[in-house]
Structure formats: structure tokens, C-alpha cells
Amino acid sequence: MPTALAWSNVRSNRTSLVAAFTAITLAVMLVVGAGLLLTSAHGDGRLRDLMSLFAVTAGLSGFVSIFVVAGTLSLHVLQQRRTWGLLRAVGMTPGQVRRLVVAEALTVAAVACVAGSALAVPQASVTAAFLTRVGLAPGGFEVALAAPPFIVGAAVGIVVTLLAALTASRTAARVGPLEVLRDSAAPARVLPWRRAAVGLAALTGGGVLLRVTSTASLTDAVPLGVVVTMALCVAGSAFGPVLLRVVGGLLAAPIAALDPGPGALARAAVTVQPRRAAAVASPVMLTVALACTFVFAIAIADTSDGRERAGVQFWAVVLLIGTAVVYTMISVLNSTAMSMSTRASELRLLRSTGATPRQLARALCWESLIATCSGTLVGTLIAVVSLGAVSLAGTGAPWFGFSLPLYLALVGLCAAGGVLGALLSTRRARRGSLVTG
Amino acid sequence: MNADGGSAVRFDRVSRTYGGGPTGVAALREVSPQFRRGSFTAVMGPSGSGKSTLLHCGAGLDRPTSGSVWIGGADLAGMSQAQLAVLRRDRVGVVFQSFNLVPSLTAEQNVLLPARLGRRRPERTRLREIFDQVGLTGRERRRPGELSGGQQQRVAIARALLSRPEVIFADEPTGALDRSTGKEVLALLRAAVDEHGQTVVMVTHDPEAATWADRVLFLTDGRVVDELDRPTARQVTERLSRTDGQP
Ligand SMILES: Nc1ncnc2c1ncn2[C@@H]1O[C@H](COP(=O)(O)OP(=O)(O)OP(=O)(O)O)[C@@H](O)[C@H]1O
Ligand SMILES: [Mg+2]
């Protein structure tokens, strides 16, 4: 029964399905792709430098995918509160609800693993061609197919989904049978103790590592700085809903003052449902923090060595960051589309009480901008903290230089992803007929 | 209590308070109604008097703040969430006023849900019969979004009736229906009692609907203030106007 139900649930929640599917497919593709490049480069002495680049790309993709897949599934579960409540009311046990959520996620993950593996081959070939073209790889570098990357990629896809689904299923199983009578937008607890515990642990770990970083040698400081950023990102994600209520609330205040109607709607959406907004903000925070740490930590190391990077290395960084940014942009688009798709009835209600489609579009844009900007702010803060430590280790001063255009491009892409997701997923509800569902 | 032999559902000084302290709302105050096996009871009273809360506690959807609820010989207070779920799936049918159906499932799948959860395989004939009874033959494959409000309500009633549970709790099951459809639904509930010995507890605001019941309980401010046996619409209306007049 759970599998049959899972399948019909998956079919009728297309946006959720597509979002989860894309997230897992991309994760598998990036991990398998990097793995294929790694195995192809293996044994060629000229490619030793590239190998570490591929290893980092694979690791980074895996790390980011944990957040993205977990975020997508938790959003999916949150939006179906009413369904979980109803299933409990007609006799589903909490255990059955958990199994249903997990079965649903694994159904999607299985298909996504196949798709991701298939896409990884052209992705790796294109990357190899790019590397050869910019001169990072010697001519004749080609992707050779081997089994291990596919096995590892599929394992990453399934394990990450399983862990995310187990967490999300706890939320679903906790929904009481009477929730069916409440609006699906009924606020969930913003900071359950588990989340708080994870956040505190990550924060403490990050703090300790931060001290270690600031006194380490420069060669150790750069990778340590990346780990600090990762730890702080875990904390930021755990405290995400709380942070959003505060940061989002602050950002929303001037917007609500400037654009009273739509701005106030956006503010209410972010502060009343911070978990929904956090699902959008979290991947932004992650990318901004990781990308900034990577790029600028290397810059700090170069400055203190008195070295100028050649164009070639620049391309390596672009490749690395580009992968992460594309992934984030898609996941921001994903989360926004998901969080908007269930709001069709709310949007129609607003329209029937006199909101124009234009005002609604504005409210939605504000809302996703508030979420992405909050993510950007927190991500920047995290990067500044770890870069400060790296800089202390390298130059003895916490100040460091950074490239504004690169930073702005990064932030702009994330914001664009959010706005696009919001507008695309609500098109029908904003402009379509008011009576048909 | 020896009354258990004849009671399908028994409340024993049940209170339910929402929120604590001086601002808490007492939705039920030490109520002890009993519902005989094979009886049809209507629960009436002003808005906010605790009718839905009574129903939710009876069906194990909500837990009383104090007191206990017994279904058959079993005390619901001693049951885990999983046991309560099994109880609802096998022995109790619930009909809410709205949001009764899983949107992703067809009408038929919704009706079969509790049975499937219990890994029971209901006969096709029983399923056809129940769809015929609620007047939805031919609409088995529709999803809730493609059904009218009244049709959705009837699907929910079909679900509650399908496995012939001991007790059916229905919260304003005719609230969204026109008079003649409402009558059909009431006749179904009546038949469940008369022909299969099931027990029905139904919240309603409609004196006409209450006349289908054997007994009417009147709730005011979380207390059972009165009851009427073999009610007529006139008696009910008269009694209600008195209750409404009270603060
Ligand atoms: N989840 C809740 N939190 C706080 N108070 C609640 C909650 N649910 C019900 N109440 C309060 O408990 C009291 C009884 O509510 P209940 O829903 O049982 O009334 P009712 O008799 O069913 O009313 P109606 O006829 O309007 O459906 C009301 O005062 C209501 O405000
Ligand atoms: Mg009620």
C-alpha cells in the first residue's frame, strides 16, 4: 500500500516531483561526472594537478546536494501537512506515514540516479573539452568510461535521499490527525530541539576550527577555512528559519513601507512561514559562502606569496564555482517553484478580493528577493568570518581584498533564479481564470 | 461500570482544555455521555460549545486533558498513536465537515484507503454497493478536485461506511448538502444503525436532520445540558432557542 500511495502522490504533486528529481539528478550527474574525469585523468602524470580539482568538485557537489535534497524533501513534507493529517485520521500509523515518505523519495531517487548517470557522460566530455581548450589539460585528454564513478554516484544519490527522507518523514509522522482541519499553511514549529542541537554543535565546531585556522600555517589555513565555512553553513541552515524571521523581517520592513500592499504581503509570507523561505535561502547561503571562501582564500594565499595567478588557474576556479552556482540557481528555482505551487488558491483568493495580477507578481518577486538576499547576507557573513581567519594566518591581519564584480555576479544569479522560479510557478494562478482549478 | 455491555462509546468525566493558565479555553468540562450500541445520536448546540471537540475525543483524534474515553472495552488513553490509528482504520469511521479526501487519490481509492492500510481486501460487490448507495456510481475514478463539495462529502461517508465500523463519527455531514442529498446521507446513517447495528454520533445544526436520530444531546459551553429521546423537529427547535438564549 505505501508504495502504491507513494506513486499516486508523486504523480499528482508534479512540482515536488520535478524539484526532487532535478535536485537528485544534478547531484548524481555532478558526482559521476567529476568521478569520470578523475578516473580518466588517473595514471597520467601531466594531470596530477587536475585530479585534486576533480576530487574537490565531486566532494563539493556531494556536500551541496545534501542541503538541496534535504531542503526539497522537507519542503515537500511541510506542504502536505493536510494529507498527512488525513491519512492519520483514517487509520495510517505514524510508522506507515514515515515509510510512505521514504518510499516516495526513493521512487524518485531511483529514476534520478539513472538520469543523472546518463547525463554525466556528456557533462564530463564537455568539461574535458573545455579544460583542453583553455589549456588546463593536454590535448587528447578524453573521458574514458569506468564503472566505479557510476556506482559511487548512485550510492551518493540514494544515501543522500535516504537520509533526507528519514529526516523529513519524522516531520510528516508528527503531524496529528486533526491537522487536516487546519490550513495547510499552519505554522510549524520554527526551531525543534533537534535542529537547535545540530545548529549548536555545528556552531561550536566551527568556532573551534576558526581559532585553529587563524593560527595555522598558510597551506593549512586555506582548506581549514573551507571546512569552517562548511560547518557554519550547517549551523546557518539549522537556524535558517529563525535567521529568516529576523534578517528577512529587517529586509522586509523598508519594502513594506515603499510598496505597501505587495510589500506587506511579502513580509507576512516570509515571517509567518520562515521555514518555507528558509528552503529558498539556504542553498543561496551555501553557494555564496562556499564560493566566496574558495575564490578569495586562494586570492589571499596568492597575495601573501606575492604570486600572480595565470589565466589558466582562473579557469579552474571558474569551473569549480560555476558548477556549484548552476546547481544552486536550479535549486533556488526549484524551491521557489515548490513553495509557490501550493499557493494557487491563496493567490486566487487575493485576486478575487481585488489584488491585480501585477501586484501579485510584485509581492512574489519581493518575497523571493527577501529570501535570496537573506541567504546572501548570511552566506557573506560566514565567508567573511572564515576568510578573516585565513587572512590572519596568511598576512597577520584580518583584512583581505576581494573582487566585487565576481561577488555581484554570484549574488545576481541566485536572485534571478529565485524570481524566475516564483514567476514561472505562479503564472497560471496569477493570470488564469479565477474559477477553474 | 456495568453499562459497558451496552455502550459502544463511553465518556468518563472528560475535559479538554486548549492552552493553559487563566487564558485557557475549556472546550469540554467533565462530560460523561454514553452511546449505546446500535444507537443514532445527534449532538447539537451553539457554535463553540464543544461539539467537534467531543467528536474528536471520541474518535481518538484528540486526547482529553482529563477523564477517559472507552470504545467497546478499550480505554483510548492507554493507546499509542499507532494503536489509535489502527482503531480508526478498523473500528471507527470519521467524516469531517470538509477536507475529507486525499487530493491525489481517486474517489474509489479514497474509499478503500482504511481497508488497504489494514491490508484488508474488500469485495468488489461491497464497493459497488456502497458507491450505489451514496449515488456516485460512475464517478469512482474521479479525483476530489473533479467532484462537487457534496459529492466529496458522500465519498467520505462511503469511506466511513465501507468496512462497517462499530462507531461512525460525523461532523455536520449534511452541512454542505442540499435537502434531498442530505436526506439520502441521513438515510444511509440510519440504515447503518438499523440494519447493521452500528453506532452513529453526528454533530448537526439542522433540527430536521436531528429527527433522524434516536436521541439528541445538547451541549452548551462544554457541558451536556440536556437530552431528548425520539426528538421531533419542533421539540429540537424549541430546545435550541432556549440554549441559544443562554450566555
Ligand atoms: N485548536 C484549538 N485551539 C484553541 N481553542 C480551540 C481549538 N479548537 C477549538 N477551540 C475552542 O474550543 C471551543 C469548542 O470548539 P469546538 O470546535 O468543539 O466547537 P463546536 O461546538 O464544534 O462549534 P461549531 O458549531 O462552530 O463547529 C471553542 O471555544 C473553540 O474556540
Ligand atoms: Mg464544530
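In this predicted model, 23 residues of chain A are in contact with 26 residues of chain B. Chain A is itself divided into two parts, domain 1 covering residues 1-180 and domain 2 covering residues 189-437. The points below take up the contact between the chains, then the contact between the two domains of chain A, and finally one residue.

**Between chain A and chain B**

- Together, chain A and chain B bury about 2,100 Å² between them, and 67% of this area lies on carbon and sulfur atoms.
- Between chain A and chain B the count of salt bridges is 0, while 5 residue pairs, both members at pLDDT 80 or more, are in polar contact.
- On the side of chain A that touches chain B, the elements that give two or more residues are helix H1 (2-12), helix H4 (81-89) and H5 of chain A.
- Sorted by class, the residues on this side of chain A comprise 13 nonpolar, 7 polar and 3 charged.

**Between domain 1 and domain 2 of chain A**

- The contact between these domains draws 33 residues from domain 1 of chain A and 31 residues from domain 2 of chain A.
- About 2,900 Å² is buried between domain 1 of chain A and domain 2 of chain A, with 79% of it on carbon and sulfur atoms.
- Two or more residues on the side of domain 1 of chain A that touches domain 2 of chain A come from each of helix H2 (14-41), helix H3 (48-79), helix H5 (94-133) and helix H6 (147-174) of chain A.
- H3(A) gives the most to this side of domain 1 of chain A, contributing 16 residues.
- The side of domain 1 of chain A that touches domain 2 of chain A is made up, by class, of 19 nonpolar, 12 polar and 2 charged residues.

**A residue in helix H14**

- A:Thr372 lies in helix H14 of chain A, which runs over residues 357-395.
- A:Thr372 counts as buried because its relative accessibility is 1%, where the cut-off for buried is under 20%.
- When neighbours within four places in sequence are left aside, the residues in contact with A:Thr372 are A:Val280, A:Val284, A:Val332, A:Cys414, A:Ala415 and A:Gly418.

Notes: Residues are numbered from 1 along each chain as its sequence is written. Chains are lettered from A and ligands numbered from 1 in the order in which they are written. This is a predicted model: local features need pLDDT of at least 70, side-chain atom pairs count only at pLDDT 80 or more; totals for chains, interfaces and linings use all residues. Side-chain values use heavy atoms; hydrogens and water are left out. Domain bounds come from an automatic or database domain assignment. Contact means heavy atoms within 4.5 Å. Buried area is the accessible area (1.4 Å probe) that two parts lose on being put together, summed over both. Helices (H or I, at least four residues) and strands (E, at least two) are DSSP runs, numbered from the N terminus. Ala, Val, Leu, Ile, Met, Phe, Trp, Tyr, Cys and Pro count as nonpolar, Asp, Glu, Lys and Arg as charged, and the others, Gly among them, as polar. Buried means under 20% relative accessible area, exposed over 50%, partly exposed in between (1.4 Å probe, protein chains only). A salt bridge is a side-chain nitrogen of Lys or Arg within 4 Å of a carboxyl oxygen of Asp or Glu. A polar contact is a pair of N or O atoms within 3.5 Å; within protein, one must be able to donate a hydrogen and the other to accept it, and residues adjacent in sequence count only if both atoms are side-chain atoms.
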